[in-house]
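Work through the exercises below with the sequence and structure at hand. Try each task before reading its solution.

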Amino acid sequence: PQIAYLWGEPEMDASYGTLLKFPAGFKGVIKSEGAIFRAVVTEGKLNYQMPNATESQTLEVGSYFSSEGQSIHQLAASEETILYIRTNGKYAATPTK
C-alpha cells in the first residue's frame, strides 16, 4: 500500500491524518496502536472484517470503520481503494501471505 501524510505529526503520538491506497487484489491487515483509529473509504470498495468477527462486509465510498486501542483490521480490496485515516497512534498495513 501507498501512504500520503496529510496533517499532524505521527511521531509525536498526536492526532494525524493520512490517505492509504491499496492496489486491486490487496489482501491483508491494518494493525493499529492508537487510542483512536477512524477510517473512511474515499474511493473504491473494501471487504472488511471486524476484529473478532467471523464474516466480512463490503464497504463502499462513504463507509467507515473505527476502533479504540490496539486492533487488527482484516481487509481485501477487489479494486483500487483509498482510505482516509485519522488516528493518534502508529498503524501498519501489511499484506497476508
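Predicted model: local features only at pLDDT ≥ 70, side-chain atom pairs only at ≥ 80, totals over all residues.

Residues are numbered from 1 along each chain as its sequence is written, and side-chain values use heavy atoms, leaving out hydrogens and water.

**Exercise 1.** Classify the aromatic pair of tyrosine 5 and tyrosine 16.

Step 1. Recall the cut-offs: rings of Phe, Tyr and Trp (its six-membered ring) pair if their centres lie within 6.5 Å; planes under 30 degrees apart count as stacked, over 60 as edge-to-face and the rest as tilted.

Step 2. The whole structure holds 5 aromatic pairs. In this one, the centres of tyrosine 5 and tyrosine 16 are 6.4 Å apart and the planes are at 35°, hence tilted.

Step 3. Check exposure (buried is under 20% relative accessible area, exposed over 50%, partly exposed in between, with a 1.4 Å probe and protein chains only). Tyrosine 5 is exposed at 55%. Tyrosine 16 is buried at 4%.

**Exercise 2.** What is the strand order of the open sheet of 5 strands?

Step 1. Strands (E, at least two residues) are DSSP runs, numbered from the N terminus. Two of them pair if DSSP finds at least two bridges between them.

Step 2. The order is 6-5-8-3-10, with antiparallel pairing.

Step 3. Strand 6 (57-60) and strand 10 (91-95) each have a single partner strand, so they stand at the edges.

Step 4. Strand 3 (residues 27-32) pairs with strand 8 (residues 71-76) over 6 bridges. Lysine 27 faces alanine 76 there.

Definitions and conventions: Helix = DSSP H or I, 4+ residues; strand = E, 2+ residues; numbered from the N terminus.
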